Amino acid sequence: MLRTFINAWKVADLRKKILYTALILLLFRLGSWIPVPFLDPGIMAQGGIVAATDETFMSYLSMLTGGAFSYGTIFAMSITPFINSSIIMQLLTVALPPLERLAKEGESGRKKIASITRYLTIGLAALQSTGYYFYLRNGGYLMTNAEGAAFTGGWAVFQAFVIVLVLTAGSALIMWMGEQINEKGIGNGISLILFAGIVARIPAIATQLYDYMRRGGAYYALVPITVVLLLGIVAFIVFMDKSERRIPVQYAKRVVGRKMYGGQSTHIPIKVNMSGVMPIIFASSILSLPATIGMFINYEEGSGWDTFFSLFSQQSPFYGCVYFLLIIFFAYFYATIQYNPIDMANNIRKNSGAIPGIRPGKPTSDYIAKILSKITLMGALLLSVVALFPIVFSQLTSLIMGNEGMTIAMGGTSVIILVGVALETVKQLESQLMMRHYKGFLD
């Protein structure tokens, strides 16, 4: 990876792309520290409005935004509205025939879908910004008048309008930054912005580990073990990302004019983790909603509401079981969207190919469907290991240390995003070097 980056830096135009990408990411991080108007400046001094260890949807958003959500900055919504709109459009493209036809029209169709996605992003950003405004107002995080009371009347409307407008504009600006990286930089802009936000939390995690070390005792052993386990998870994710199942395909010989084509053996690569981090993101989002709703409901300890919300605590076995099942479900859901065994079988037959030992047509599609089902299950189980590890680790340390167990503010979602984006960016650098006929970058 380091050799690839060094060799890419030696190429003038690639160096410009790298510097441009770094500049956009730097501007993103600077914007993540500019507070929205009318925000109480004491929030910054108090360390934000969302703790890293909270088990709510707010802490999940804070993780994706690199802490901007917690500090109420202009980029508090970050890229999440665009991600949500992209997911919605992807699902609607499969469900609605007009959008499906539009997606098959080629470049013009993709541009129209991209335009619809942008408008949907603005709408979602405005909706989320409105909800965030009420969250700030109800929590007492906004500036007050001279008497120390919240603004009322026209000033309250003006305050709400400005905050929602600034937050929505911040999301639109980040979406534009991601598109600029795609056009003029290196890597996927949206993924790199997520990457930058998560990387920004690493110093806080290092400080957290240092604080544990200062406590002494068993932490002298637990902290090094934690670091080794985190490195092991990174290696495990790299292994999972590289793993694939190759379906062999044999193409028949064809004579076209005076030349012979085909007659070669190849394979169809199917990645074990074909759905990426999306099953974890969806599962964690759904399970975070009950805890978030509980923040707005006043209930007594020991009541029915208390019992219900305790089921969705990360310390609850029920939470772990439902989390595991949701990851499996969404892994199969995304595999169904991405791969169509019937289309794959038809494409193989159209190109005079066949899977050795399998007849063309329905037997081929059934065979591919069976392979996809097994691979999807294996990938979902591997994802579950990564996602559940922080929860299991926290429970084990709590058993060892009592109520002072270790809680690391970086879950499996963060690590998968970091490793996946890093590997994908290196692949794009390598492809750019190959296009420029640069020799020796794999030496």
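Ser78 is buried, at 2% relative accessibility; buried means under 20% relative accessible area, exposed over 50%, and partly exposed in between, with a 1.4 Å probe and protein chains only as cover. This is a predicted model, in which local features need pLDDT of at least 70, side-chain atom pairs count only at pLDDT 80 or more, and totals for chains, interfaces and linings use all residues. Residues are numbered from 1 along each chain as its sequence is written, and side-chain values use heavy atoms, with hydrogens and water left out.

**Loops and helix α6**

Ser78 sits in the loop between α5 (68-71) and α6. Helices (H or I, at least four residues) and strands (E, at least two) are DSSP runs, numbered from the N terminus. Most residues other than glycine have a negative phi.

Helix α6 covers residues 80-95 and contains Ser86. Ser86 is partly exposed, at 27% relative accessibility. Its side chain reaches the backbone oxygen of Phe82 at 2.8 Å, a polar contact being a pair of N or O atoms within 3.5 Å; within protein, one must be able to donate a hydrogen and the other to accept it, and residues adjacent in sequence count only if both atoms are side-chain atoms. Ser86 and Ile116 are 30 residues apart along the chain, and their C-alpha atoms are separated by 9.7 Å.

**Helix α1**

The buried residues of α1 (residues 2-9) are Thr4, Asn7 and Ala8. Seen down the helix axis, they fall within an arc of 100 degrees, so they line one face of α1; the arc is that of the directions from the axis to the C-beta atoms.

Leu2, Phe5, Ile6, Trp9 and Leu19 form a nonpolar surface patch with about 490 Å² of accessible area together. Helix α1 gives the most to this patch, with 4 residues. Trp9, found in α1, is partly exposed, with a relative accessible area of 36%.

**The sheet**

An open sheet of 3 strands has the order β4-β1-β5, with antiparallel pairing. β4 (265-271) and β5 (353-354) stand at the edges with a single partner strand each, so one side of each has no neighbour in the sheet. Two strands pair if DSSP finds at least two bridges between them; β1 (residues 244-251) and β5 pair over 2 bridges. Ala354 in β5 is the bridge partner of Gln250.

Notes
Patches are made of residues with over 30% relative accessible area and no salt bridge: like charges are joined within 9 Å, nonpolar side chains (Val, Leu, Ile, Met, Phe, Trp, Tyr) within 5 Å. Accessible areas come from the Shrake-Rupley method with a 1.4 Å probe; for residues, only the protein chains shown count as cover. A salt bridge is a side-chain nitrogen of Lys or Arg within 4 Å of a carboxyl oxygen of Asp or Glu.
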